[in-house]
Amino acid sequence: MPQDQKLLKYSSEYSDELSLDDELKKIRSCIQCGMCSAVCPSGSFTALVTRKIMRKALAGDHSVLSGPEIWYCSTCFNCYERCPRTIPVTNVILRLRNMAVREGYLPDNLKSVIKNLANTGHAVPLGGPDSKWAKLRELHKLKKVPPTVHSFPEALDELFTLLDKIKFNARIPYR
Amino acid sequence: MSLERPKPRVAVYICHCGKNIADVIDMDEITEYAKHIPNVALAKNYKFMCSNAGQDLIAEDLKSGKVDRVVVAACSPLMHEETYRRVLRENNFNEFFFEQANIREHASWVNLRDHKGAMEIAKDHVKMAVAKVSNDRPLIRQKVEVTQEALIVGAGITGMFATLDLANKYKVHLVERTPTIGGHMAQLDKTFPTMDCSACITTPKMVEVGRHPNINLLTYSEIENVDLNVGNFEVQVRKKSRRINHLICTGCGACGEVCPITVPNEFDYNMGYRRAAYVPFPQAIPAQYTIDIKNCIECKLCVDACEVNAIDFNQEDEIIDLKVGSIIIATGNDIFDPSKLYRYGYQKYKNVLIAIEMERLLSSTGPTLGKVIKPSDHKTPKRIGFLQCVGSRDFHEGTHKYCSRVCCMYAIKQARQFKEKYPDSEVFIFYIDMRTFGKGYEEFYEIAAREYGINFIRGRIGEVFENNDGSLIIRGSDTLLAEKYEIEVDMLILSTAIEARKDADEVSRFFGVQFSEDGFFMEAHPKLKPVDSLSPGIFIAGTCQAPRDIPDAVAQAKAAASSADNFMFSGEVEIEPYYSMVQPEICSGCRSCIPLCPYDAISFDETTNTADINAIKCKGCGVCVASCPSNAIIQNHFTRNQILSEVRALKPWENYIKEN
């Protein structure tokens, strides 16, 4: 068989990690009935197939972390509500996101959010003193710049201290 | 008084069978048609003829004196013939003035889209039934006394339970082929889903069987011949010589210790060894030694070693004659041999085992005392795989179409046992469907996945390769992800199918039991007579009838025991009067019928030089009638005239009317 052909090599790496949590451990009893996918609103419009996410996580398939699908979940909890084996599907996806980030996987649009945070201290920054948000604030007789990191640039250092502490830059380079 | 027979007055009832028949066949049309068939006095239709109201309809008409014979066009006579006959009986009519036309299975169900065609067929069936019933003759059922003893064939878990249930009331003869009772269950380590030790629940029952005063235990014995007299079966049993006097042997084991011959132990599925003088396992019942004469070299060291002088090399096989009222067949199953499925490498690759071998490895009484080792290097495997449906759900020649029912559960059980012994190991189960159907089974499966972390992979292995170190590479397709997989495992266990005994045809010949398509013995009705065979007084139970697990086998054993009790309890049994009779004045004495009879019911009377049929043994199959070159044999209820009247009824309508 040619070496470049993709072959699944099962590993319990991900399911072992998920099993450290008593609730998330239930993923192991997934019977692949597909009910979660059937009611997934995001799955109707995106490539998100929750059933496959569960299966890939159990099989230890790396593509579950490297792929974009887990980020399409809108965390509506429809799947969580209906799973016949009471698997917290949404929570599993959230944990998989954590694991993906730890491995350095994050979609580009989310990376820019991180960059915003690093540069301004806000995931959704105000956009400078002349932005429409600043004008709107003025109209309502508020300070142009809110009393957040925007007003206290030195607080940004504290944020960097925290982010450095968890070695965030090593995982998702933000500066 | 006129000597001419009165003209029959037939009542025809058409059953709607809910919508089963009425949806396809127009009830009014066929009722109207039936009214015009010759000899028909009245015709009616009703929603459910088998209901009380439907039966009352027949009873009323019979009481009114308008009719004396009955045709019901409904389902199969196997289903309700007895129901309607009872109505005739209760109203003082001979119950054989009844015919059932099967217009459900033969007309409506098979022609759901062709209503016109269904109607044609239904009309023919009704016409034939009327013609037959017009020619039917009154018959009387004979009564025969029943011997108050029972025979159970096979002393596995099914046979033992049937025996114990019956033994409180009757004398029971239990015949077992091997030197010990216990069957397959004695070979198992633990049982699903409770995980209780198999030996702990089997051995007390074995001891009970061995000690019960009403049980005549015949181990190391085989059925030699059976005379199928209903209610009084005469059975010859060959008690094979153990070369050891069972009255003296204390089971001390001195003979086994000195025996210089070692042969593979069948009980350990040939993985361990035993001597030529042996007990299969220490808890065997009876706890007596057997000298395996096939492997014995007759060195007679054992004769000197035996302190009680129990060994007797001149001992011969003993033939025991039994007379019993009922028989329960519980001969069990064989295990599928996967070596013909070369792709899985059984017996080609060392580390490919079958499940029963794994069971013996896991068992604390097994050849390794419960340590699981690879046959290649005797080390404990780190990763093992179970492949499901080996020989089941497979349409190839030599494999089986059916699901063997127990393999999903025993694979999960063995996987859990393995995980319990070796928590750091990895276990894979490759399946098509997980079928965990019984009480507590789904929960057992779920815990195996959640708490034991057993990997369930949907997708059968297509190919197995062996590495130089004996480990195996298996390739398959994960059908849930639609991706191919390749896994390296140290050991692969094949969950092999349950199959019918290889010598089942011999048993069937002895007892006149029929086969189903799958090779197992056939029950009289798949739903309503699950433990009855087609021969009265003979019952089937356990895995000789179909694959099943222990709870189901025990349930069947108890059902069969209760049915056998029911059969013997009244002390007499009625014989169906369908038997054939030889007309001695016509019989030429050619003897051609004698070898054809499947029930051995025909003998030759030397004094009159004619054949003679034993009415009790005859099952009314009709083979002799058809074969007789001089038409000397008549079969009750299916005489030449009766059958030809049905055939004649099929002529075009105009001709038929003219002739009648």
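Author: Happy to! Domain bounds come from an automatic or database domain assignment. For chain A, this assignment gives domain 1 (3-102) and domain 2 (108-171). Taken over C-alpha atoms, the centres of domain 1 and domain 2 of chain A are separated by 32 Å.

This is a predicted model: local features need pLDDT of at least 70, side-chain atom pairs count only at pLDDT 80 or more, and totals for chains, interfaces and linings use all residues. Residues are numbered from 1 along each chain's written sequence, chains are lettered from A and ligands numbered from 1 in written order, and side-chain values use heavy atoms, leaving out hydrogens and water.

Strands (E, at least two residues) and helices (H or I, at least four) are DSSP runs numbered from the N terminus.

Strand 18 of chain B pairs with strand 6 (residues 149-153) of chain B in parallel, through 4 bridges (pairing takes at least two DSSP bridges). Strand 29 (residues 538-540) of chain B is also a parallel partner of strand 18, joined to it by 3 bridges. B:Ile327 takes part in both pairings: B:Leu151 has B:Ile327 as its bridge partner, and B:Ile327 is in turn bridged to B:Ile538 in strand 29 of chain B.

Most residues other than glycine have a negative phi, and most peptide bonds are trans. The bond from B:Phe192 to B:Pro193 is cis, with omega near -10 degrees, and B:Pro193 sits in the loop between strand 8 (190-191) and strand 9 (196-197) of chain B. Another cis bond links B:Ile285 to B:Pro286, with omega about -5 degrees; the loop between strand 15 (277-278) and strand 16 (290-291) of chain B holds B:Pro286.

B:Tyr220, a residue other than glycine, has a positive phi near 55 degrees. B:Tyr220 lies in the loop between strand 10 (215-218) and strand 11 (221-227) of chain B, and counts as buried at 14% relative accessibility. B:Lys300 has a positive phi too, about 65 degrees, in the loop between strand 16 and helix 9 (301-305) of chain B. With a relative accessible area of 37%, B:Lys300 is partly exposed.

Note on methods. Buried means under 20% relative accessible area, exposed over 50%, partly exposed in between (1.4 Å probe, protein chains only).
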